[in-house]
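Visitor: Could you walk me through this model, a stretch at a time?
Guide: Gladly; here it is.

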Amino acid sequence: MGRTSAEYALNRMSRIVDDSAHKKLVLGYIHNLPINYDRIMDWNTPDGDNVNFMFDEINSGDWDLIINCCCEHMYPMSEVKLKGIYVLQSNNYDPGGNIHINRCSSIQEHLDQIKLDLVYYADTTIINGTEYYTAIGEKD
Amino acid sequence: MRYRTIVSYGDVMTSFFCTLWGDKYSIDYVRNLHNAVKRNYDGEFKFYCQTDRELHIEGVHELPFGKYKPIMDGRFPDKPKLNFWEPNCWGISGRKVFLDLDVVILGNLNSIIELYSERPIINKSWWKEDQGVQIDHIAYSALTNGSIYVWEDTVSTKVIWEHINKYDKFIFFTCVAGSDNYLTTFHLDKFNFVPRDKVFSYHNEDPVKNAVLCTVETISDEKEIHQLNSWIKERWNG
């Protein structure tokens, strides 16, 4: 399910953004989908790194295409201040166990917490009964 | 004539702490815990309670909340427990022991406290380990059980406090269930654990013979100590 939804977001991105011209930062999983990123930061790594505690490092970087297909696992993306294009997806699925610490209940709630300055695209798609909220836009 | 051996770490005073807020527990829980420490600890000690209530319990010193207050916003419900990691908080240093209010002390506490050797001691949810709970792939699950801390202010506890201070906003958001999620995720390697033969979880394990501590933590609809009709409630009442 996660792979399918990430695939959906990346397909959307490819129709809107020429990603070859950008320096790409991926936050969270992309499920081995074919995208050439410059850096990936996970939300759950056994060695103690956790993207929720790495915003200083993120905001001091020079990435200008930020992809996060699992915002439901993370502190709100308003914390990322980088100037650039964002591809951000969340969902309303509750797997239990406090795994999805930041799931949303609507595309508007997702938009409200990611704080894009310009929204290129925003929609809700349903995959296996779960609503996925995909937003593409920019921060300046 | 028989003499009882008193071990008191020379001139070291041990400071016991608990914390009370909200309406989950009554003041009786503080009173019973204090009485249990008096019965089961050999040595000089002071007993403190971080609280916003007037307790009027002789021998229990009330402390105001430290930096983190009991703010109920649906995440990290036990924020005030983090205050104990502040070095020299409330001007108290030396050997410190924190106890949750929902523990029942069954034996001599010295046998746990005397295990302290530079690394802080915390309880572990041994029953979760038996169940194979994965803590490396579920960042927000807990293996520690903060029903007891034994510690002194050291470099490693200072590291814990500095991490809390730097990231508190993110800690409170991501570690939804609270302090044990946080300590498990970020500081597990800094602790020693209460040995398994000295503690058991009332609602999750069979009683351990000669255990020193019984934890009666409630996760969903289990009964609190005062609601039980069981031998453990009798021991709690002293």
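**A guided tour**

Visitor: What span should the 15 residues of helix α1 (residues 2-16) of chain A have at 1.5 Å a residue, and how far apart are its end C-alpha atoms?
Guide: Helices (H or I, at least four residues) and strands (E, at least two) are DSSP runs, numbered from the N terminus. The expected span is 1.5 Å times one less than the number of residues. For the 15 residues of α1(A) that gives 21 Å, and the end C-alpha atoms agree, being apart by 21 Å.

Visitor: Before we go on, what are the ground rules for the model and its numbering?
Guide: Residues are numbered from 1 along each chain as its sequence is written, while chains are lettered from A and ligands numbered from 1 in the order in which they are written. This is a predicted model, where local features need pLDDT of at least 70, side-chain atom pairs count only at pLDDT 80 or more, and totals for chains, interfaces and linings use all residues.

Visitor: Within what arc do the buried residues of α1(A) fall?
Guide: A residue is buried if 20 or more other C-beta atoms lie within 10 Å of its own, exposed if 12 or fewer, and partly exposed in between, with C-beta atoms placed from the backbone. In α1(A), A:Ser5, A:Ala6, A:Ala9, A:Leu10 and A:Met13 are buried. Taking directions from the helix axis to the C-beta atoms, these buried residues line one face of the helix, because they fall within an arc of 135 degrees.

Visitor: Which exposed residues does the face of α1(A) turned away from its buried side carry?
Guide: The buried residues of α1(A) pack against β4 (84-91), β5 (118-127) and β6 (130-139) of chain A. The face turned away from that buried side carries the exposed residues A:Asn11, A:Ser14 and A:Arg15.

Visitor: Which residue stands opposite A:Leu25 in β2(A)?
Guide: Strand β1 (residues 24-27) of chain A has both faces covered, with A:Lys24 and A:Val26 buried on one side and A:Leu25 and A:Leu27 buried on the other. Two strands pair if DSSP finds at least two bridges between them; β1(A) and strand β2 (residues 39-41) of chain A pair in the parallel sense over three bridges. There, the residue opposite A:Leu25 is A:Arg39.

Visitor: Over in chain B, which strands stand at the edges of the open sheet of seven strands?
Guide: The strand order is β3-β2-β1-β4-β7-β6-β8 (chain B), with mixed pairing. Two strands have a single partner each, so one side of each is left without a neighbour in the sheet: β3 (60-63) and β8 (192-193) of chain B.

Visitor: What is the bridge partner of B:Ile122 in β7(B)?
Guide: Strands β6 (residues 121-124) and β7 (residues 144-151) of chain B pair in the antiparallel sense over four bridges. In β7(B), the partner of B:Ile122 is B:Tyr149.

Visitor: Is B:Tyr149 buried or exposed?
Guide: Two residues are in contact if their C-beta atoms, placed from the backbone, lie within 7 Å. Leaving aside neighbours within four places in sequence, B:Tyr149 is in contact with B:Phe84, B:Phe98, B:Pro120, B:Ile121 and B:Ile122. With 24 other C-beta atoms within 10 Å, B:Tyr149 is buried.

Visitor: How far apart in space are B:Asp168 and B:Lys79, C-alpha to C-alpha?
Guide: B:Asp168 is found in helix α4 (residues 155-174) of chain B. This residue is partly exposed, because 16 other C-beta atoms lie within 10 Å. B:Asp168 and B:Lys79 are 89 residues apart in sequence, and in space their C-alpha atoms are apart by 9.6 Å.
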